[in-house]
Amino acid sequence: MAGLANIRKRIASVKNTQKITQAMKMVSAAKLKRAQDRIVNLRPYSMGLRTAIADIVVSHRVSHPLLDQKGESKKILLVIVTSDRGLCGSFNSSINKYAYKYYQENKEKYEALDLLFIGKRGSEFFRTRGVKGTETILNLAKEISYSMAEDMALRIKEFFTKGDYDEVRFIYNEFKSAISQDLTSEKLLPVDITYSQIDSEEHSFAKDIIFEPAPEAMIEGLLDKHFSTQVFRCLSESVSAEHGARMTAMDNSTRNAGEMIDKMTLTYNRVRQEAITTELTEIISGAESV
Amino acid sequence: MRLNIVTPTKKILINAEIDEVLAPAFRGELGILPGHAPLISTLDTGVLKYKLKGSSEYKKVVISWGYLEVTPSSVNILSETAEEPFEIDLSRASKAITEAEKKLATGDITLVEMEKLQRKVKRARLRKLASEESGAKK
């Protein structure tokens with residue numbers, strides 16, 4: 001049986017760990033709130049852009065390289081969004097597993113299937129498996145901002161317009177609620193506007209609208225912004241999901257630590273009692289023999 | 001007529017009843033009164049003014065690149081950034097101007113960066129202007 005002092009030490013150490021996990025949980029909860037607000041604030045803007053593009057494209061049959069559907073995609077850029085830091089349950093591992101499987105299954109099928117990592121966890125996972133990405137972007141979790149997403153979007157868009165890739169796909173965790181994330185694989189480029197057809201009918205969009213400048217000139221800017229917004233949305237979703245996942249993970253470990261402390265306290269008391277009993281028996285038998 | 005102004009990070013106005021909007025549109029300032037023909041335009045960096053229903057005073061918002069849509073019942077504005085005068089930090093705006101100008105002067109930048117910095121300077125100037133004007137009124 002373990003010595004009393006030993007058990008006491010272990011209890012103290014678990015208690016410390018519990019304090020840390022508790023604090024981490026609270027920090028994540030606060031960050032989650034902010035990240036969620038960001039998504040909510042973004043929504044009207046992205047919806048507005050979406051309908052605007054749909055309206056113009058449907059009513060004027062404008063075409064644009066970013067809209068082109070060249071049929072079957074051959075060269076694909078996978079953007080894998082993970083977090084920089086761990087301790088968030090299966091948040092990263094599920095993404096990595098999915099992306100790795102996708103990569104293994106499809107790399108023969110396409111002319112090119114390159115990976116771009118956002119977040120350290122994904123890039124390290126693939127590096128240990130000997131897969132190199134084209135680019136790695138780190139330090140996402142601190143504070144993501146729209147201008148940062150915009151820079152990123154511009155860079156990715158350049159790959160696309162240069163013809164390096166004809167499809168850009170994002171793999172990220174979509175925020176569902178604090179306890180659940182949805183692994184999402186979404187095609188961001190070329191911009192898909194098929195969903196708008198139904199929408200535009202009820203929108204009753206008149207053709208005699210005044211355009212300043214011409215719709216063809218305007219669509220360029222709108223598509224750029226749309227893509228930036230989408231990138232920003234994916235990042236925001238991922239960051240929210242990360243904080244949510246970490247919050248749940250830390251909540252679980254706090255609870256586990258509590259259970260462990262209870263169990264150890266029980267053992268501790270039992271051992272202590274035993275020691276006292278033995279001591280007493282010794283004293284009594286000693287007294288009797290005198 | 002209702003006015004919506006939204007940016008990627010915040011909602012400035014949602015369904016606010018207004019009498020008039022003056023927007024820095026593609027071809028110069030554009031005044032919109034109720035009953036305006038349907039219109040879609042891009043917006044330049046500038047000061048957007050609007051009058052709330054029944055009020056005689058213009059409220060100002062400094063916006064950057066944006067998109068404006070006039071429908072029979074509402075004016076929708078999507079803008080990259082939007083700031084109301086009370087949010088503007090004068091000293092920060094001045095600092096932004098000097099910093100950006102310094103960078104521009106070095107000449108060691110790409111075209112894209114240059115454009116970005118120029119926009120930044122313009123925005124900061126407008127910010128200063130807008131907040132100084134509204135400050136003078138008080």
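Colleague: Which residue of β8(B) is the bridge partner of Asn4(B)?
Modeller: This is a predicted model, in which local features need pLDDT of at least 70, side-chain atom pairs count only at pLDDT 80 or more, and totals for chains, interfaces and linings use all residues. Residues are numbered from 1 along each chain as its sequence is written, while chains are lettered from A and ligands numbered from 1 in the order in which they are written. Strands β1 (residues 2-6) and β8 (residues 74-79) of chain B pair in the parallel sense over five bridges; two strands pair if DSSP finds at least two bridges between them, and helices (H or I, at least four residues) and strands (E, at least two) are DSSP runs numbered from the N terminus. Across this pair, the partner of Asn4(B) is Asn76(B).

Colleague: Which residue of β2(B) stands opposite Leu3(B)?
Modeller: β1(B) also pairs with strand β2 (residues 11-25) of chain B, in the antiparallel sense over four bridges. These two strands form a hairpin with four residues between them. Opposite Leu3(B) stands Ala16(B).

Colleague: In what order do the five strands of the open sheet in chain A lie?
Modeller: The edge strands of chain A are β3 (135-137) and β5 (180-189), each pairing on one side only. Within the sheet, seven bridges join the parallel strands β1 (residues 75-81) and β2 (residues 112-118) of chain A. The pairing is mixed, and the order in chain A is β3-β2-β1-β4-β5.

Colleague: What angle does the direction of helix α6(A) make with that of β4(A)?
Modeller: Helix α6 (residues 215-289) of chain A packs on the sheet, touching β1, β4 (167-177) and β5 of chain A. Here two residues are in contact if their C-beta atoms, placed from the backbone, lie within 7 Å. Axes are lines fitted to C-alpha atoms, for helices over the stretch in contact, and angles run from 0 to 180 degrees between N-to-C directions. The angle between α6(A) and β4(A) is about 40°.

Colleague: Which element supplies the largest share of the side of chain A that touches chain B?
Modeller: The contact takes 20 residues from chain A and 19 residues from chain B. On the side of chain A, α1 (4-60), β6 (210-212) and α6 each supply at least two residues. The largest share, eight residues, comes from α1(A).

Colleague: Which residue of β4(B) is the bridge partner of Ile210(A)?
Modeller: Strand β6(A) runs parallel to strand β4 (residues 39-43) of chain B, and three bridges join them. The partner of Ile210(A) is Leu39(B).

Colleague: Is Ile283(A) buried or exposed?
Modeller: Ile283(A) lies in helix α6 of chain A. It has 10 other C-beta atoms within 10 Å, so Ile283(A) is exposed.

Notes
A residue is buried if 20 or more other C-beta atoms lie within 10 Å of its own, exposed if 12 or fewer, and partly exposed in between; C-beta atoms are placed from the backbone.
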